[in-house]
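Here is a friendly briefing to read alongside the structure.

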Amino acid sequence: MIDKTVLITGATSGIGRATAILFAVKGFNLILCGRRQERLDVLQTELGKKTNVHTLNFDVRDKDSVFEAINSLPPEFSQIDVLINNAGNAHGLDPIEHGNEEDWDAMLDINVKGLLYVSKAIIPKMVELKSGHIINIGSTAGKEVYPKGNVYCASKHAVDAITTGMRMDLNPHGIKVGAVNPGAVETEFSNVRFKGDDERADAVYNGFDPLVAEDIAETLLFVVTRPAHVNIADLIITPTAQASATIFNKSE
Ligand code: NDP
Ligand code: 8X3
């Protein structure tokens, strides 16, 4: 058992779920968050056989729920050593003139403001203890903009800026801050973006080998297990077939 507690948002699917599974095998204490209770229950049962697991059900958009959930942690889980801000999604892929305002709200509220609320609930204790590690899941979409990506890219550019700002502000307190920025990872991401249109979602990954969630989980394990004097500030990871947000080496 590793004497470190890791809180992962968006642990019910994709990157967060794969990270929870790998970190459980490695013996980290885990606080797993999401909105889908039945998936949290399965994680609690399965991963609870390997390590200490506590689950929290809240919507990161709901500020009060975020603070209530994190403040309700039992004493044995109340010192969070590592925060992985992973919850997020794209909603829609439309030119700006056809953009759906609800999609815009969702992306900015979840990917940006939700990340801030969760961080705000956890940072004060890290500051008090003068230790901690925050890893924000950004994206290649936070490094470059692509056609129709407008607001999703803006939300991930915001994550990029917030990560840099957090690193500067938390530097005097001995807290590590960094980002992991994946390219195309085959998860439920595209199903959410295309609102359950599986055919359109699957087509995103046709003709090349995308990353899988476990690739990002292994990367996060590397980031978290560096010695105390080493901080991975910013890391981009793409499929070999992906050269930029729009350049893919695809088979016909
Ligand atoms: P998934 O859709 O598979 O997982 C998203 C996770 O976020 C789910 O666990 C979901 O849980 C949680 N989530 C979504 N909305 C909320 C909310 N309002 N409140 C609380 N939790 C929420 O996608 P990925 O695993 O791919 O995405 C994880 C992160 O990686 C995101 O930040 C995404 O932007 C980023 N990313 C993904 C890439 C990809 O190609 N897949 C590439 C680059 C970055 P629940 O529904 O149970 O609440
Ligand atoms: C997810 C990667 O290229 O679909 O952040 O925006 S992309």
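Strand 1 (residues 5-8) and strand 2 (residues 29-34) run parallel and are joined by four bridges. Strands here are DSSP runs of E with at least two residues, and helices are DSSP runs of H or I with at least four, both numbered from the N terminus. This is a predicted model, in which local features need pLDDT of at least 70 and side-chain atom pairs count only at pLDDT 80 or more, while totals for chains, interfaces and linings use all residues. Residues are numbered from 1 along each chain as its sequence is written, and chains are lettered from A and ligands numbered from 1 in the order in which they are written.

- Seven strands form an open sheet in the order 3-2-1-4-5-6-9, with parallel pairing; two strands count as paired if DSSP finds at least two bridges between them.
- At the edges are strand 3 (53-57) and strand 9 (234-237), each of which pairs on one side only.
- Neighbouring strands of this sheet are turned by 15° against each other on average, direction ignored; the axes are lines fitted to C-alpha atoms, and angles run from 0 to 180 degrees between N-to-C directions.
- As background, strands of a sheet pair through backbone hydrogen bonds, either parallel or antiparallel.
- Strand 2 also pairs with strand 3 in the parallel sense, over five bridges, and G34 has N57 in strand 3 as its bridge partner.
- Four of the five residues of strand 3 are buried, so this strand is largely enclosed by the rest of the structure.
- Buried means that 20 or more other C-beta atoms lie within 10 Å of the residue's own, exposed means 12 or fewer, and partly exposed is in between, with C-beta atoms placed from the backbone.

**Around the ligands**

- Ligand 1 has 28 residues around it, of which G10, G14, R35, G88 and F189 come nearest; a residue is near a molecule if its C-beta atom, placed from the backbone, lies within 6 Å of it.
- Helix 1 (14-25) and helix 6 (189-193) each supply at least two residues of the ligand 1 shell, and the largest share, three residues, comes from helix 1.
- By class, the ligand 1 shell holds 11 nonpolar, 12 polar and five charged residues.
- Around ligand 2 you will find S139, T140, A141, G149, Y152, G183, A184 and A245.
- The ligand 2 shell divides into four nonpolar, four polar and no charged residues.
- In these counts Ala, Val, Leu, Ile, Met, Phe, Trp, Tyr, Cys and Pro are nonpolar, Asp, Glu, Lys and Arg are charged, and the others, Gly among them, are polar.

- Helix 1 is mostly covered, with nine of its 12 residues buried; among them are G14, R17 and F23.
- The end C-alpha atoms of helix 1 are 17 Å apart, which agrees with the 16 Å that its 12 residues should span at 1.5 Å a residue; the expected span is 1.5 Å times one less than the number of residues.
- After helix 1 comes G27, whose phi is positive, near 90°.
- Helix 8 (residues 213-224) has 12 residues and reaches 17 Å from its first C-alpha to its last, close to the expected 16 Å.
- Its buried residues are A213, I216, A217, L220, V223 and V224.
- They cover an arc of only 120° around the axis, which puts them on the same side of helix 8; the arc is that of the directions from the helix axis to the C-beta atoms.

- Most residues other than glycine have a negative phi.
- K130 is not a glycine, yet has a positive phi of about 55°.
- K130 is found in the loop between helix 4 (101-129) and strand 5 (133-137), and counts as exposed with 10 C-beta neighbours inside 10 Å.
- K148, also not a glycine, has a positive phi of about 70°.
- K148 has its place in the loop between strand 5 and helix 5 (150-170), and counts as partly exposed with 15 C-beta neighbours inside 10 Å.
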